[in-house]
Amino acid sequence: MPTTTRRCAILSSLVCLTASADALADASALLAPPAMPSVAPPGWTTVETVGKPHARHEAAFVGLAEKAYLLGGRRLQPVDIYDHATKSWSHGAAPPVEVHHFQPVVWQKKIWLVGAMTGPFPHESALDHIPIYDPATDAWSRGPGLPVDRRRGGAGAVIDNGKLYVICGIINGHWDGHVAWLDVLDLKTGKWARLPDAPRARDHFQAAVLGGRLYAVGGRRSSGATKEVFHLLVPEVDVFDFKTGRWATLAGPLPTPRAGIATIVIDGRLIIAGGESMAQPTAHGEVDRFNPVTGRWDALPPLARGRHGSGLVWHRGALYIASGSGNRGGSPELDTLERLVLP
C-alpha cells in the first residue's frame, strides 16, 4: 500500500476512535445522575409578613389556635396578632396598665401575664395582679393578685394539672430583692400556697413543664444596687418534681448562660432561644435543646438575629419568634418575625 494511502487510513481510524470516545462520553453524561444543587444548611429565616408588629422587648409571644399573640413590653403597647394562614399582623387592645418582664400562660383559651413588672428602669414595681387577655373578645380583665408579701416581677410561670406555679423573680425591679420563692395557685379554689424555695434565686428567665417536672432555666440575679445588672448569670438548671415536692439540679448546666431567654417544650425536649449577657454587646442567637432522657444538650441552628425579651411559638412543625431587643439592654427593639422548621 502506498505511504500516502496508509497515512490516510491511520488518520481515519484515529478520527473514528475519537468520535467513538466522544459518543461514549456523551452517553455517560446522559446516564449519570444529575449534579445535586448546593443546599444551604437549614436555619431560621425572616418571614415576609403583611404589616408589622410594634417593636418591643420584655414582652411575650404566645400561640393560641391558629394565631400568635405579642403582648406587653416597655411602654403601653397594643396586642399584635399574627395570623399564620395569611402571614399578616393585626392589632388588638392595649392593656389597662404598662406590663413587662413576665411569662405568659394560657388557661381556658385566655392569656395570663404572670409575675409582671410595671414602671421605668431600674426601680420597676411588681404588678399587684395578673392581667388577663381574652383573644375571643379582644378584652382585658383583672385576674388574681399574688399574696402581698410574695409579689415580684421577672418571674417564671407555668400551669400544670389545674394549678399555676410562680417561680423565683425579683422584688425591686432591676435593683435588688431577687428571690427563690415557689408559689402555687389552685385555679379551681383560687387559693395560694407556698412550696419549697428553689435551690437558687433568679429573674429574667422562663420556666417550663416537662415529664412531670418544672424546669427553671437561664436568668440572672439583677443587681443594680451593686452595678451588676447583667453580670450574675445562673447557669444551673433547677428542677422541681411535682410528685415528690422536691427540687434537684441538673448535672449539665445551660451550655451558654444568659438571661432574657425564650423557652418552649417540643416533642419531649426543652428548647431555649436567645438571651443577653455581659459576654457580648449583641443579643444571643444560640438555640439550645435539652433531652431529659439522655440528660444532654444539643444545639439547634442559631437565630438569624439574636434577640432577648420575647417568646417562642410552635405551629405546624415550625418554631416562631418575634420582636425582642437586638442588643444587651433595651435597644434596638425589633419588629421582625423568624421561623425555623424542625426536622
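Ile 167 touches Arg 152, Ala 155, Gly 156, Ala 157, Val 158, Trp 181, Leu 182, Phe 205, Ala 207, Leu 214, Ala 216 and Trp 247, leaving aside residues up to four places away in sequence; contact means heavy atoms within 4.5 Å. The model is predicted, so local features need pLDDT of at least 70 and side-chain atom pairs count only at pLDDT 80 or more, while totals for chains, interfaces and linings use all residues. Residues are numbered from 1 along each chain as its sequence is written, and side-chain values use heavy atoms, with hydrogens and water left out.

**Nonpolar cores**

- The largest nonpolar core has 16 residues, and those with the most contacts inside it are Tyr 165, Ile 167, Leu 182, Leu 214 and Trp 247.
- At least two residues of this core come from each of strand 13 (163-172), strand 14 (176-186) and strand 17 (213-217).
- Apart from this core lies another, of 15 residues, including Val 62, Tyr 69, Ile 111 and Leu 127.
- A nonpolar core is a set of buried Ala, Val, Leu, Ile, Met, Phe, Trp, Tyr and Cys residues joined through side-chain atoms within 4.5 Å; buried means under 20% relative accessible area, exposed over 50%, and partly exposed in between (1.4 Å probe, protein chains only).
- Strands (E, at least two residues) are DSSP runs, numbered from the N terminus.

- Four strands form an open sheet in the order 2-3-4-5, with antiparallel pairing; two strands pair if DSSP finds at least two bridges between them.
- Strand 2 and strand 5 (88-91) are the edge strands, each pairing on one side only.
- On average, neighbouring strands of this sheet are turned by 25 degrees against each other, direction ignored; the axes are lines fitted to C-alpha atoms.
- Strand 4 (residues 80-83) pairs with strand 5 in the antiparallel sense over four bridges, and Asp 83 stands opposite Ser 88 in strand 5.

**Backbone exceptions**

- Most residues other than glycine have a negative phi, and most peptide bonds are trans.
- Ala 65, although not a glycine, has a positive phi of about 60 degrees; Ala 65 is in the loop between strand 2 (59-64) and strand 3 (67-72) and counts as exposed because its relative accessibility is 69%.
- Gln 108, also not a glycine, has a positive phi of about 50 degrees; Gln 108 is in the loop between strand 6 (103-107) and strand 7 (110-114) and is exposed, with a relative accessible area of 61%.

Definitions and conventions
Axes fitted to C-alpha atoms, helices over the stretch in contact; angles between N-to-C directions.
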